[in-house]
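Work through the exercises below with the structure in view. Each task is followed by a solution in steps.

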Amino acid sequence: MRYLENDCAIIFRTKDRFGIGSNMSLHPIKYKGIKFSSTEALYQCARFTDIPKPLLKLHKLSPMDGKKISRPYLNQTRPDWGSYRIKVMETCLRLKLLQHSHAVLSFLDDTGDMPIVEKSYRDDFWGAIPDGKFLVGENILGTLWMIIREEVRNDDVQDYDEIEID
């Protein structure tokens with residue numbers, strides 16, 4: 001996809017206007033009784049069927065530290081991760097909405113009808129990479145937020161009490 005940057009709600013830095021949409025924002029979420037520092041920490045844990053012991057402390061670390069700690073264990077990533085990771089991310093975002101509803105609803109409302117795009121300089125799967133005045137990439141993170149935004153607007157949000165990550 002190709003997005004005109006000036007026409008988008010850009011997720012880039014957590015302190016920016018749309019920063020809460022980032023996985024790196026410090027909005028802790030609870031899942032199965034464990035408190036994670038961010039959606040990124042839960043996402044990183046979910047990539048493993050048997051979580052390596054150092055990752056068990058992800059709930060105490062910053063999102064970037066959590067990402068760095070998981071790198072040495074990437075060879076232990078669950079075999080179906082490629083087809084599973086979007087579902088995990090969607091679940092993480094829905095948990096964020098459930099547990100930080102006021103802030104997330106404000107973020108979604110503030111985006112208006114603009115495309116929500118994660119600006120990245122390296123990742124054109126979750127985000128989109130600058131190319132002149134455009135951002136180019138699959139922008140899966142932004143797409144998931146736009147799906148959730150539409151559900152919120154249509155009052156068609158699922159019951160989040162039953163969210164599961166397999």
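A residue counts as buried under 20% relative accessible area, as exposed over 50%, and as partly exposed in between. The model used here is predicted.

**Exercise 1. Classify Asp113 and Arg153 as buried, partly exposed or exposed, and state how the two side chains interact.**

Step 1. Asp113 has a relative accessible area of 68%. The cut-off for exposed is over 50%, so Asp113 is exposed.

Step 2. For Arg153 the relative accessible area is 38%, so this residue is partly exposed.

Step 3. Asp113 and Arg153 form a salt bridge, and their closest N and O atoms are 2.8 Å apart.

**Exercise 2. State how many salt bridges the structure holds, and describe the one formed by Glu5.**

Step 1. The structure holds six salt bridges.

Step 2. Glu5 pairs with Lys119, and the closest N and O atoms are 2.9 Å apart.

Step 3. Glu5 is in the loop between β1 and β2 (9-11), and Lys119 is in the loop between β5 (116-118) and β6. The two residues are 114 residues apart, and the pair links distant parts of the chain.

Step 4. Lys119 has 16% relative accessibility and so counts as buried.

**Exercise 3. Give the strand order of the open sheet, and explain why β1 and β6 stand at its edges.**

Step 1. Three strands form the open sheet, in the order β1-β7-β6, with antiparallel pairing.

Step 2. β1 (2-4) and β6 (129-131) each have a single partner strand, so one side of each is left without a neighbour in the sheet.

Step 3. From one strand to the next, the twist averages 35°.

Step 4. β6 is joined to β7 (residues 134-136) by three bridges. Within this pairing, Ile129 has Val136 in β7 as its bridge partner.

**Exercise 4. Describe the largest pocket by its volume and its lining.**

Step 1. The largest pocket holds about 760 Å³ of space.

Step 2. It is lined by 28 residues, of which Met24, Lys67, Glu118, Arg122 and Asp123 are the closest to its centre.

Step 3. The lining of the largest pocket has 12 nonpolar, six polar and 10 charged residues.

Step 4. α1 (39-46), α2 (63-70) and α3 each supply at least two residues of this lining.

**Exercise 5. Locate Cys92 and decide whether this residue is buried or exposed.**

Step 1. Cys92 is in helix α3.

Step 2. The relative accessibility of Cys92 is 0%, so Cys92 counts as buried.

Step 3. Between the C-alpha atoms of Cys92 and Lys30 the separation is 9.9 Å, while along the chain the two residues are 62 residues apart.

Key: Residues numbered from 1 in each chain as written. Predicted model: local features only at pLDDT ≥ 70, side-chain atom pairs only at ≥ 80, totals over all residues. Heavy atoms only, no water. Pairing = 2+ DSSP bridges. Helix = DSSP H or I, 4+ residues; strand = E, 2+ residues; numbered from the N terminus. Axes fitted to C-alpha atoms, helices over the stretch in contact; angles between N-to-C directions. Salt bridge = Lys/Arg side-chain N within 4 Å of Asp/Glu carboxyl O. Buried < 20%, exposed > 50% of the residue type's maximum accessible area, 1.4 Å probe, protein only. 1 Å grid on protein atoms, 1.4 Å probe; cavity = no way out; pocket = protein on both sides within 12 Å on 5 of 7 lines; lining within 4 Å. Points joined across faces, edges and corners; volume = space filled by probe spheres on them. Nonpolar A, V, L, I, M, F, W, Y, C, P; charged D, E, K, R; others polar.
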